[in-house]
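Thanks for coming. Please have a look at the structure first.

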Amino acid sequence: MNSKTRLEALSEFLKSKRANIQPQSVGLPTGTRRRTPGLRREEVAQLAGVSTTWYTWLEQGRNIKVSSSVLDSIASALQLNNDERKYLYDLALEVNTNVYKQDVLQTKISPSLEKILTELKYCPTLITDRHFQIVGWNPAAAYVFLDFEQIPIEQRNLIRLVFTRKELRSLAVNWEHFVKGFLSIFRVYYGQHMGDDWYTQFLEEMTNLNPEFKSLWQENQVNMAPEVLIEFRHSKAGKMIFNLTSLQVHGNTDFWCSIYTPVEGSSTEEKLKKMMKKGEKS
């Protein structure tokens, strides 16, 4: 991510977060002459204790010097969560600008991760890299989502698949809720790996490919580990309800593990067992 792209990302992030805050939530009058939703720039500057001019320059994406203490104040004024704060610092302080330019992504998972996939027999599980390329999955995931083995390796990008495959679009009862969880994690990686130009190319490609991607991406949601309740309408098993738990795999890789656990009290696990048993016989 070059400096221009980084500053544009910072600008869009600040604007979207400012627009999400209701004036009354920070003790300001709503008024009747607001032309845009959320707070005004001068109100954010006032809450953060900085000059309106300086904050305006920051939000406009000008290349100005910032400090951690000032960013703390802005983060508090914009009511950012911990992941959003870190994303703000990554963009504003150029934390990782020159990192990861030349490295090659690891695509093979370790035997221990293979073991975990095997043990999570009735919990559909996906392992992705920092580009959200799918590098590992268990049979349960293939039964619930797609037979990833039939998809060419270069096309096994989870973000691309949820926006382009009709099977996945029709699977989730609330498709937007489903994809927003992935996009919020993807944005964390986007902020962390600024030296990787792949992100700029991928975002441009996805924006041209699907207008819904552009709209959802511009919401600027950032969440390292969203816990999401997902309801599926599976073509073979019917209604299935899962809790999605996302885990970062620590070590020398940037792998991410997404585990779909059948909700207790539902018939999801029984349906999955039946579907998998039938598939093994055929």
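Strand S5, residues 256-262, is mostly covered, with six of its seven residues buried. Buried means under 20% relative accessible area, exposed over 50%, and partly exposed in between, with a 1.4 Å probe and protein chains only. Strands are DSSP runs of E of at least two residues, numbered from the N terminus.

This is a predicted model, where local features need pLDDT of at least 70, side-chain atom pairs count only at pLDDT 80 or more, and totals for chains, interfaces and linings use all residues. Residues are numbered from 1 along each chain as its sequence is written, and side-chain values use heavy atoms, leaving out hydrogens and water.

Now the partners of S5. Strand S1, residues 125-128, runs antiparallel to S5 and is joined to it by four bridges. Thr-128 stands opposite Trp-256, and Ile-127 has Cys-257 as its bridge partner. Strand S4, residues 238-248, also pairs with S5 in the antiparallel sense, over seven bridges. There, Asn-243 stands opposite Thr-261. Two strands count as paired if DSSP finds at least two bridges between them.

What is the order of the open sheet? Its five strands run S2-S1-S5-S4-S3, with antiparallel pairing. Strand S2 (134-137) and strand S3 (228-234) are at the edges, each with a single partner strand, so one side of each has no neighbour in the sheet. From one strand to the next, the twist averages 25°, where axes are lines fitted to C-alpha atoms and angles run from 0 to 180 degrees between N-to-C directions.
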